[in-house]
Amino acid sequence: ADTIKVGILHSLSGTMAISETSLKDVALMTIDEINAKGGVMGKKLEAVIVDPASNWPLFAEKARQLVSQDKVSVVFGCWTSVSRKSVLPVFKELNSLLFYPVQYEGEELEKNVFYTGAAPNQQAIPATEYLMSKEGGGAKRFVLLGTDYVYPRTTNKILRAFLHSKGVKDTDIDEVYTPFGHSDYQTIVANIKKFAAGGKTAVISTINGDSNVPFYKELGNAGLKATDVPVVAFSVGEEELRGVDAKPLVGHLAAWNYFQSVKNPVNTEFIKKWKDYAVAKKLPNAATVVTNDPMEATYVGIYMWKQAVEKAKSTDTDKVIAAMGGQTFKAPSGFELTMDKTNHHLHKPVMIGEIKADGQFSVVYKTKAPIRAQPWSPYIPGNEGKQKL
Amino acid sequence: MSGVLRPGQQYDSATGDQGVSYGRIKPEGVDTTHGAILYLEDIVVSFDGFKAINNLNLDISVGELRCIIGPNGAGKTTMMDVITGKTRPTSGTAFFGQTMDLTRMSEVDIAHAGIGRKFQRPTVFEQHSVFENLELAMKMDKRVKTTLFARLNSEQKDKIAAILQLIRLNGQENRPAGLLSHGQKQWLEIGMLLMQEPQLILLDEPVAGMSDAETARTAELLNELRGKHSIMVVEHDMGFVTEIAQQGKVTVLHEGSVLAEGTMAQVQADERVIEVYLGR
Amino acid sequence: MLEVKQLHQHYGSSHTLRGISLSLKKGECMALLGRNGVGKTSLLKCLMGVLPVTEGTVTFEGHEINKLSPHDRARAGIAYVPQGREIFARLTVEENLLMGMANLPARKAGKIKDEVYQLFPVLKEMLHRRGGDLSGGQQQQLAIARALLAEPKLIILDEPTEGIQPSIIKDIGRVIRLLRERGDIGILLCEQYFDFARELADHFVVLSRGEVVASGGQELMDGDDVKRHLAV
Amino acid sequence: MTTMKGLFSRPAWTGIVICAVIAVLLPILNLSFPAGHALHISSYTIALVGKFMCYALAALALDLVWGYTGILSLGHGVFFALGAYAHGMYLMRAIGREGVYQSNLPDFMVFLDWKTYPWYWSMTDSFWYCMALVVLVPGVLAFIFGFFAFRSRIKGVYFSIITQAMTFAFMLLFFRNNTGFGGNNGFTDFKRILGFTITAPGTKAALYLITLLILLSALFLCRWIVTSKLGRVLQAVRDSESRLMFIGYNPLWFKLFVWTLSAILCGIAGALYVPQVGIINPSEMSPANSIEMVIWAAVGGRGTLLGPIIGAFTVNGLKSWFTAAFPDLWLYALGLLFILVTLFMQQGVLGLVSKLKKQREPV
Amino acid sequence: MTFRKICASIVLLVFSLGAHAAIDGKLLQALSGDDPDARIVAVNSIAAMGNEEAVEVLTALKNEQLFVKDVAVYMVEGEQAKDLASGKVQKLPDDAEAITINNRLRAALDSALSGLKLFSPDKNTRLVAATALEKEATPEQLPLLNKAYLKENDSEIKSRLQMLIATANLQASDPIVRKAAVKALLDSPNPNLKPVLQKMLTQNPDGSYNETDASIRVEAANTLNAIDGRLARMEFVGNLFYGVSLGSVLLLAALGLAITFGLMGIINMAHGELLMIGAYTTYACQMLFRKFMPGALDAYLLLALPAAFLVSAAVGILLERTVIRWLYGRPLETLLCTWGISLILMQAVRSIFGAQNVEVANPAWMSGGITVLGSLVLSYNRIIIIFFALFVVFAVWLLLNKTRLGLFVRAVTQNRRMADCVGVATGKIDMLTFGLGSGIAGLGGVALSQLGNVGPDLGQNYIVDSFMVVVLGGVGQLAGTVIAAFGLGEVNKFLEPVAGAVMAKIVILVFIIVFIQRRPQGLFALKGRSVE
Ligand SMILES: Nc1ncnc2c1ncn2[C@@H]1O[C@H](COP(=O)(O)OP(=O)(O)OP(=O)(O)O)[C@@H](O)[C@H]1O
Ligand SMILES: Nc1ncnc2c1ncn2[C@@H]1O[C@H](COP(=O)(O)OP(=O)(O)OP(=O)(O)O)[C@@H](O)[C@H]1O
Ligand SMILES: NC(N)=O
Ligand SMILES: [Mg+2]
Ligand SMILES: [Mg+2]
């Protein structure tokens, strides 16, 4: 064929559409861009889009359809960990490739997957360290607040172990979970306040999806300011903040590997391309689109795949996998990112940003260089020596 | 074990706790050694303070055909509700035979024990055919398992055919009962009662909506059943009541208790009955 | 005031009414007789507009009303006491009575006329009870009272005496007679209670299998012809 | 919907036979012709049809209670999921030490620092024990739940809503990681079933054929039930439960019987679903999923047994197609389909068929 | 803390407010520099100037309105910018960069500003400042606090300051002062005191107490008890309030459904989407105001209420006229059909507004909250929503029970055919009723937009809860709906602290199941024959 098919597997309906829709659009933008520059090995990329509708078994079905019916060479997709878990067996069985662009809990390493989002040590741990530092407010007590599912649970488990190693006692850690879609945070915010009376407290939020807005609204109205009790979130980025009035949230934090507000030429261009694309394709709210970390990770992932294909001179899964290790790409984050030679994760810089009134982040901390991922957290016993495939 | 209730068993209408049997145990015959099949004693039914039945005392003997008349709202239907377990009396006792305390039995158990009822407003299974209505009503073991394996034998088929003939719905047996006219439904309900072969039949206004000719036929039918079953009939059609009461007792209810009792002639002459019921 | 011409009605494939014609004048009472299941109720429903007619015309006070909805007919002055009472079970008796005046403009529909209570004293006692809790006969009385409140020009009664105690049947009879004597109202009375019908009706119509098989003035009602059609 | 004697007409029988034959042929064509051959049926199709058959079984189970007995369950997803979880437990154990932590315990347990299996996992390494659970767990849950609900005479929407509350509560419970069923991720990444590699084409074909067989058996079982006198009692329960009591049937046991049977069938559907789809997680218990089951039955035509099966295939087939063909617009199409079905096909797809037939040969 | 270092100098300087001196260029440079510690020192030094300009500059920094270019630091003032070193007002250079701050600096600024503001002529400013200092009253602040106390003549602020002084005195070396302080704090609602008092009471490993004086320990224990008691009371009141608030949300979400489902019998799965439409209408109104009347932005809700009611009602009426009216008497079909409608509406919103949430901001008068019992914050948006919910219920009750329309509505929903026969234009009533239910859902949407996210899935999050509320209350029973909503709210909020949010939700669901066993027709079941 004179085209190479690539699959895009993001929910366009259902609860996850909120986050995933823009990843689909960024993927399409990137593909357009690559095609405009001549495609991959002289062939145009052809995107095959499906909607797994936030339904995990449907993810598996659609993955199978993309790979075995549509014969795509690679799939870019998934957001939640469970959707990734659901498609994994399919990619393994059919020996095909998935690029996963979202921060996640680690504890996984699959030959058929490239993880372009952060592992816990590229996000959660540095953020916690920052909160404990003088600059970060010197927090002594921690509320680990999350949605009740595997990513928050795992992350918090790792964080608890990490905090223990820093001498924080269990009495100074409060772990709280809410169901998906929880919308009433009155009690929880009141409890945080109570807990915070016992000493300098920070909240580490792994709340996902829709619950963030009511949480932050409650936080704002209850008068918990970032200077009193900072909240650092791992799933709140520019895209999520579009849905919130950020003024009461100024100073609360998020940790990512990329922020839209990062200033460098690559990013400036990335943002411009995205805005132009949104306008050109008449995306809803095109005037106010923003970029965020998973979008950047998607963008980087597609380019790295392109580079690997060109290096391998083939779209064959095994050859591409072999060629991926060590690929580098100058990413919008301003760093040259490298695909690890062995663990299928990117080396990524860690950035911590404070929310500004306009819903952007001002970066208050940034690592000097990209950090290698530890998908198997050393804070979980038994993980020693599991860094390879 | 029999379907007779042990003392102390209770029916809790809030939970629907039926205490016993859930229809699995077929009751043995009714103990009618003292000649009466139904005793109502000091029954009171009160709805939010309004006493629909007020110290009602009544008994029916085996094989008797008893007519009950009384003004609208006298409590006749409510009384039947009490007998069939649909309404729990606020106080008082209701015995079927010597041993069965109706106030503590569920509707199902009461039906099983041998009390059948025709409602004031005809109620049939509208989605089922006439035939199926009769089939469902037929006297037999009505537990889940037996029902699952039940097949009609020829004797039963004959019986249904006979009843169809009697209620003059033959030829209509495959029509859904919901499509019948008002009077036809009345008949069908009577037919279902007959299929059930209850010992005590309660008829709430059986001829309402029937033409005079059909009323006469119903009277005929009841006269035939007299003696074979104990029957209690509520009607406002005096002609009909006269026809079936013959020399038997007629009870007049008023404001929830018995106002007068006697033969039709006696009752019709009673000033109080004329005042509250018959009119001048 | 009411003209029915060649009315046909089908329930699916079964032909229930077969070319019925009748006419009723102001101030007259017409009895509709017939055995069970001959189509009396169906006919009345067609007049009220509850059932669609397949063929034929219904004219009320010179206007063809075939196409009108039931509420338009009610507003035109037709009141209906259906078989089976059809009271609003969860409205109180008072509200049920107010509903009787739903066809009247709001300003005329505020108060329930005392005459109704004189006729059916029990309703006054039970004003705040829910309609559905009433006894069968009480409900029937309520249904009639409701129709009377509508200030109708034509009143259609489907077995109004069903389930009512004898003394009140007499009262109802008196009311119907009174209405008839007032002369500005037409009454269509479907009744199984033959004697009752005979006493009140000026005319009668006997239906059989969806057809008019006999009709005439009150004097002919005792005739054998009628008897034959009513017999089983 | 009224007379049950001829539940399936002659054309319906023909249809059943033809569909069954085609269904049997699919995996045979899949195995015996290489990919690319004109007669080859892709594994994807087999997997899809296999999944739909599980849905169809669930819809059939629902029809038994909803279509015939008038009990609208908005919680059948819980039975489906419990059956699936019961089978999933076996499949998890069959992974052995091949999980990422190379432990005897499933990964999520290792992760939660569990050292041994909790009591409710005991014996789940036995396939047959798990099969018994597939039947027993939904069955017993349904029996207990039904017993209390029916005894309290909970009916109509009240019943529907408490079934919804039930499935919702179960979903939240299973979401919790501490409950011990893998939390949000549930069970996935199965490797073997009874020693056979789960991804092997032969295993897949076998699972598929077993599903087909069970679906057909369930269809005939249901047909036998609804055409028996018991079936007529069930419909009487639907139409006028109180009247039924006055002629001496106790609706409690009749309802409980179909309700439990339906739950068991649904559980079996779930058990067949897991190995073919490869994941079971709590979102199967979400209220929306149960509502979708109801919708399959409604679209196909409830109270017809065949209808729900057709409905499950129609709705899911269209969904599979639409989500790929018009990923941005498919909800409009599906939504419109539901509206049109209600407006123009009162008895569902099957109702339309019989209506058209009637029009052709008027009686 | 940072604050301590500057108190003394502030005290010296507070009385010289107004003296004008340009800010030292070095300070400004440090302020815009990279060294965080130096920046803090700079902030404190500026604060130590204690003049209007210091307040201005620090406020500007806090609001990120200071810009730097090369070495010049500018303060933005409307269109213009002032060069702080020279005092010259000019246009802000294009490539000037904003001076960003982080939380640490923000906290330092807050403290410094509060200290300065204790002497503000504006009473409110002083009150806010005194409240803000509560968290960290230390001995170093005493001179400042005492000064402020002497100068203060407002009794409320005075008592605040007194508490602050007592708090600071807890660490005094003189036991008499400490004892007086402990006693004085008996009435304090400040939970932050607890660790301090607890520390006084804890025994060191060698058996000695941190507080050596036994009588002070007794007083401290007393005070601690008093504070604990007050906190427990506060928590109870808090839970009560949270419960009412959650109840009002449930009520607003369910009320429309109580009409479309409860009264009309339509299993309206699209109810959630009608809520969503109300919320999106609110968003649209906000955008309109932003665009055309930015000055009156805070009033956008006044437009949103009628607009949301009308838009949702219009959508409802459209649905009723085109689809639902064919389905009366077939409730189960309405489930299927409205499910389809719900899918379409959701996707339509995705197509128009995007799949992401949109931002709906609380107007200023709904932001924040009032503090009661010391530290319990009752947020304005929730208080307003509680009253709004009660108002809507009352209005609906009036409409349904006291008007002819309401009578017709109830009659039609009970017996459509007979209502038709007595002269009710049933079609019109159906349309109005469904429109009313939908419109009320729209109002619910406005309220929800003030609390949570506004996105295409908004409705899905409330649909199950709404049905539970209506059914638990008893279908068709307005009063039941109200009680069920508040009941569930309260039960939930009293359970949550004990069981956690997830288990609380599970327990609630089990509770509903069990409750229905006891009352198979809901809370307000109708009794009697009329039910059948
Ligand atoms: N659930 C209830 N709530 C309130 N009142 C009730 C209820 N059920 C019955 N009643 C009242 O109890 C009285 C007795 O009613 P019942 O139906 O037994 O009368 P009846 O003798 O059968 O009358 P009819 O001859 O009109 O059928 C009536 O006044 C009725 O209004
Ligand atoms: N919805 C329906 N569908 C089909 N047939 C019907 C329907 N309703 C009534 N019928 C049939 O139409 C015929 C006329 O019924 P209708 O109710 O008009 O009789 P009626 O003269 O009023 O009888 P009754 O004196 O018993 O009230 C009956 O044979 C009945 O079975
Ligand atoms: N991997 C996540 N964020 O679910
Ligand atoms: Mg009665
Ligand atoms: Mg009739």
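Predicted model: local features only at pLDDT ≥ 70, side-chain atom pairs only at ≥ 80, totals over all residues.

**Entry 1: the ligand shell.** I started with the helices around ligand 2. Helix H6 (182-196) of chain B and helix H1 (40-48) of chain C each supply at least two residues of its shell.

**Entry 2: who comes nearest?** I looked up which of the 20 residues around ligand 2 come nearest. They are B:Leu179 and B:Gly183 from one chain, and C:Gly37, C:Thr41 and C:Ser42 from the other. By kind, I noted 12 polar, 4 charged and 4 nonpolar residues in the shell around ligand 2.

**Entry 3: polar contacts.** Next I checked the oxygen atoms of ligand 2 against the backbone. One oxygen atom of the ligand is 2.6 Å from a polar backbone atom of B:Leu179. For B:Gly183, I found a ligand oxygen 2.7 Å from a polar backbone atom. On the chain C side, a polar backbone atom of C:Lys40 is 2.8 Å from an oxygen atom of ligand 2.

**Entry 4: chains A and E.** I moved on to helix packing. Helix H6 (residues 186-196) of chain A packs with helix H11 (residues 214-263) of chain E, axes 10 Å apart, at an angle of about 155°. Angles over 145 degrees count as roughly antiparallel, so H6(A) is roughly antiparallel to H11(E). I jotted down the crossing of H6(A) and H11(E) as right-handed.

**Entry 5: chains A and D.** Which way do H2(A) and H2(D) run relative to each other, parallel or antiparallel? Helix H2 (residues 56-69) of chain A and helix H2 (residues 43-68) of chain D cross at roughly 160°, and their axes come within 10 Å. H2(A) and H2(D) are therefore roughly antiparallel. Their crossing, H2(A) with H2(D), is left-handed.

Definitions and conventions: Residues numbered from 1 in each chain as written. Chains lettered and ligands numbered in written order. Heavy atoms only, no water. Near = heavy atom within 4 Å. Polar contact = N/O pair within 3.5 Å; in protein donor to acceptor, adjacent residues only side chain to side chain. Helix = DSSP H or I, 4+ residues; strand = E, 2+ residues; numbered from the N terminus. Nonpolar A, V, L, I, M, F, W, Y, C, P; charged D, E, K, R; others polar. Axes fitted to C-alpha atoms, helices over the stretch in contact; angles between N-to-C directions. Parallel < 35°, antiparallel > 145°, perpendicular 65-115°, else oblique. Left-handed = near helix turned anticlockwise from the far one by under 90°.
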